[in-house]
Amino acid sequence: DFFAKYEHLGNCGLGVWHYALFDVNNEIISVVSFGSTNFNANRSFIGKIANKYGIRVIQLTRGGTKFNASKNIPSFTIKKAMSEIKKRFGDCLIIAYSDTKWNEIGTIYQASNFVYLGTTNPKGQANYIVGNKIISGWDIRKRYGTRKMSILENEIKDIKKIPLTPKHLYLYINSCRKLKNKISVELSSKIQEYPKRKDLNVG
């Protein structure tokens, strides 16, 4: 219900673990959700680093904050939530995306001290609209065994393919300092400067 009001996609996405910040009146100010990654961890350089050190990769899937909240509330909530995630799962890597489709550049992740790893390459991947519902390519393949439209159109009456747009990729090393230093060295060649709206001509 909170995301329906205060998050433009209106849902928690692949979120499984949800953390909320409350005010003195016990009303929710901000919410952040985490879940499993939307990629095969064994095929990515992030997954390989995680496997090397025996830690998991967790995705920050959604965040929403009341419109009248203080400016620092979103990053404050993320920081507190990641602390709780670490208590629950131990050392881990947190990934987050900002979608260029919505003119996002990841301002909140920058304020939360994530490192920036550039933009993703969708490589022809897509989401699908079935009826009035958006379904991820991962779910489509799981349900129907394929993502080929020529096959899907024969099995599903009303389906449309929506190609994915590039996303900004951010990562936070949610670990003890010793491990954080080791992983930071391995990531050093991948880390880039934060994108800025002025440079990207994004409103």
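Tyr109 and Phe114 are both buried, where buried means under 20% relative accessible area, exposed over 50%, and partly exposed in between (1.4 Å probe, protein chains only). The model is predicted, so local features need pLDDT of at least 70, side-chain atom pairs count only at pLDDT 80 or more, and totals for chains, interfaces and linings use all residues. Residues are numbered from 1 along each chain as its sequence is written, and side-chain values use heavy atoms, with hydrogens and water left out.

Start with the rings. Rings of Phe, Tyr and Trp (its six-membered ring) pair if their centres lie within 6.5 Å; planes under 30 degrees apart count as stacked, over 60 as edge-to-face and the rest as tilted. By this rule there are nine aromatic pairs. Tyr19 and Phe34 form an edge-to-face pair, because their ring centres are 6.1 Å apart and their planes stand at 75°. Tyr19 belongs to strand 1 (residues 17-22) and Phe34 to strand 2 (residues 28-35), so the pair ties together parts 15 residues apart in sequence. Helices (H or I, at least four residues) and strands (E, at least two) are DSSP runs, numbered from the N terminus. Tyr19 counts as buried at 19% relative accessibility. Phe34 counts as buried at 0%. For Tyr109 and Phe114, the ring centres are 5.3 Å apart and the planes are at 50°, so this pair is tilted. Ring pairs also link Tyr109 and Phe114 with Tyr116, Tyr170, Tyr172 and Tyr194 in a cluster.

Now turn to helix 2. Its buried residues are Ile46, Gly47, Ile49 and Ala50. Seen down the helix 2 axis, they fall within an arc of 160°, so they line one face. The arc is that of the directions from the helix axis to the C-beta atoms. An α-helix has 3.6 residues a turn, so residues three or four places apart point the same way. Exposed Lys48 and Lys52 sit on the face of helix 2 turned away from its buried side. The buried residues of helix 2 pack against strand 3 (56-65), strand 4 (92-99), strand 5 (115-119), strand 9 (167-174) and helix 7. Contact here means heavy atoms within 4.5 Å. Just after helix 2, Gly54 takes a positive phi of about 65°.

Helix 7 is the partner to follow next. Leu179, Ile183 and Leu187 are its buried residues. Down the axis of helix 7 they fall within an arc of 70°, so they line one face. The face turned away from the buried side of helix 7 carries exposed Arg177, Lys178 and Val185. The buried residues of helix 7 pack against helix 2, strand 4 and strand 9.

How do the two helices meet? Helix 2 (residues 45-53) and helix 7 (residues 177-187) pack at about 145°, with axes 11 Å apart. Axes are lines fitted to C-alpha atoms, for helices over the stretch in contact, and angles run from 0 to 180 degrees between N-to-C directions. Phe45, Ile49, Lys52 and Tyr53 in helix 2 meet Leu179, Lys182, Ile183, Glu186 and Leu187 in helix 7.

Finally, look at two backbone spots. Asn26 has a positive phi of about 65° although it is not a glycine. Asn26 lies in the loop between strand 1 and strand 2 and is exposed, with a relative accessible area of 59%. Asn201 is in the segment after helix 8 (197-200). Its phi is near 55°, a positive value in a residue other than glycine. Asn201 is exposed, at a relative accessible area of 72%.
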